[in-house]
Protein chains: 2
Amino acid sequence: MSSVPAFKRLPRAVREQQMLDAAVKVFSRRGFHAASMDEIAEDAGISKPMVYAYLGTKEELFVACLHREGTRMMQAIAGAAAPDLAADERLWRGLKAFFGFVGAHRDGWAVLYRQARGEQPFAGELATMRARLVEVVAGMLDHALRAEGREIAAIDLEVVAYALVGASESLADWLADHPEAEPEKTATRMMNVAWLGAAQLLHGVTWRPPAD
Amino acid sequence: MSSVPAFKRLPRAVREQQMLDAAVKVFSRRGFHAASMDEIAEDAGISKPMVYAYLGTKEELFVACLHREGTRMMQAIAGAAAPDLAADERLWRGLKAFFGFVGAHRDGWAVLYRQARGEQPFAGELATMRARLVEVVAGMLDHALRAEGREIAAIDLEVVAYALVGASESLADWLADHPEAEPEKTATRMMNVAWLGAAQLLHGVTWRPPAD
DNA sequence: GCGTAACCCTACGCACGAGTAGGTATGCTC
DNA sequence: GAGCATACCTACTCGTGCGTAGGGTTACGC
């Protein structure tokens with residue numbers, strides 16, 4: 001009919017990214033179950049069968065979102081926290097990159113952190129990513145400890161790293177809900193809690209429960 | 001027919017608790033959407049219309065779970081952390097109560113923390129409860145600060161409190177996934193990160209970002 | 001012993017949303 | 001310009017699960 005079709009034909013790679021963008025947006029707002037494939041398709045400016053053709057089922061689509069956002073985040077952090085820096089410097093740069101990422105990709109963060117948790121099929125996927133982060137932080141602490149000629153049990157190291165990661169995630173969540181807050185300032189606050197506490201541990205200062 | 005009915009008739013108050021028990025269990029395992037009212041009813045040993053008659057719609061049922069578990073948790077903490085204790089002692093007792101609660105009610109914790117997050121209608125409910133906790137922690141820090149003749153901006157206080165609460169939640173999550181771990185030991189580890197860091201802040205030691 | 005209220009059931013209606021069948025148009029290759 | 005792959009659509013099927021209609025039975029007051 002008309003020589004100008006209502007919507008352009010685009011190469012697969014481009015459409016896939018548009019679909020993922022839409023999916024991340026809708027999943028983050030509604031949650032996995034409440035999100036509908038129709039809404040995602042509409043938001044991507046495409047019809048539903050195309051989504052199925054390119055990205056597969058709803059579950060596969062969610063995993064694809066998880067992977068893209070997770071990879072982006074890990075790369076942002078890894079790129080900033082070079083392994084040859086001093087521990088505090090490394091922690092600081094990692095945190096800056098992390099909060100910067102969350103500030104810039106609030107939707108992506110919401111998908112990762114708020115939605116994937118809890119939903120059985122995805123919790124494992126997420127746990128793997130968090131485990132990598134925890135491992136990095138634990139490795140950093142261990143490295144700094146050994147430099148001081150000190151050493152603590154692997155499990156203690158893991159738990160402390162877990163707490164630091166958890167605190168960061170929590171502040172990231174706070175950041176996502178406070179659009180006016182600055183990522184860098186949040187990172188500084190996090191350092192004030194994390195590093196001061198961790199530095200004490202590195203110097204062998206520990207807290208012991210009262211006898212009572 | 002038979003003079004012995006297959007299932008006993010029980011007073012409303014009892015049945016309601018049984019239903020809530022079942023609901024918490026099923027919601028925690030499956031998540032809000034994937035959980036079915038049929039499964040909850042079956043698990044409670046009752047038929048579906050009874051659930052609707054007593055606790056209302058699925059959403060209302062979930063909110064009821066949230067309230068019961070949340071109230072239990074807050075009471076456990078408030079009962080342990082008396083306001084007249086010193087800051088570190090108070091924090092320690094609060095953490096012990098908190099991790100003790102999570103260790104003993106892993107299902108309840110999962111409903112609160114993993115499921116309610118993300119799902120739009122409930123996130124607010126949960127946020128309110130967390131806000132109360134943050135407020136308590138922030139108040140505690142503020143009190144301790146004033147005792148030292150020091151003071152920091154309200155927003156900084158809130159963010160630090162938020163980080164501490166987040167770290168605790170994160171460790172609670174770790175605890176829920178490690179059945180062999182002892183709640184009290186986890187609380188001690190948390191103190192080692194939280195208190196050592198917070199104590200530094202209380203004494204006016206802060207970390208500043210490098211100039212670069 | 002008789003009404004009435006509380007407790008409890010089986011069996012359905014109905015909407016919503018995942019996934020698909022089957023077909024059309026556009027551009028690229030030879 | 002015939003053939004073919006790729007991009008894209010409308011319009012369905014069908015399962016699943018929320019919520020309810022309508023009715024039965026036990027206890028308790030009087």
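By class, 10 nonpolar, three polar and eight charged residues make up the surface near DNA strand D, where Ala, Val, Leu, Ile, Met, Phe, Trp, Tyr, Cys and Pro count as nonpolar, Asp, Glu, Lys and Arg as charged, and the others, Gly among them, as polar. The model is predicted, so that local features need pLDDT of at least 70 and side-chain atom pairs count only at pLDDT 80 or more, while totals for chains, interfaces and linings use all residues. Residues are numbered from 1 along each chain as its sequence is written, and chains are lettered from A and ligands numbered from 1 in the order in which they are written.

DNA strand D is surrounded by 21 residues, the closest being R12(A), S47(A), P49(A), M37(B) and K58(B); a residue is near a strand if its C-beta atom, placed from the backbone, lies within 6 Å of it. At least two residues of this surface come from each of α1 (12-30) and α3 of chain A and α2 (37-43) and α3 of chain B (helices are DSSP runs of H or I, at least four residues, numbered from the N terminus).

Around DNA strand C there are 21 residues, with M37(A), T57(A), K58(A), S47(B) and P49(B) the closest.

Between the chains, 38 residues of chain B are in contact with 39 residues of chain A, contact requiring C-beta atoms, placed from the backbone, within 7 Å. On the side of chain B that touches chain A, α6 (106-115), α8 (154-177) and α9 (183-202) of chain B each supply at least two residues.

Technical notes: Contact = placed C-beta atoms within 7 Å.
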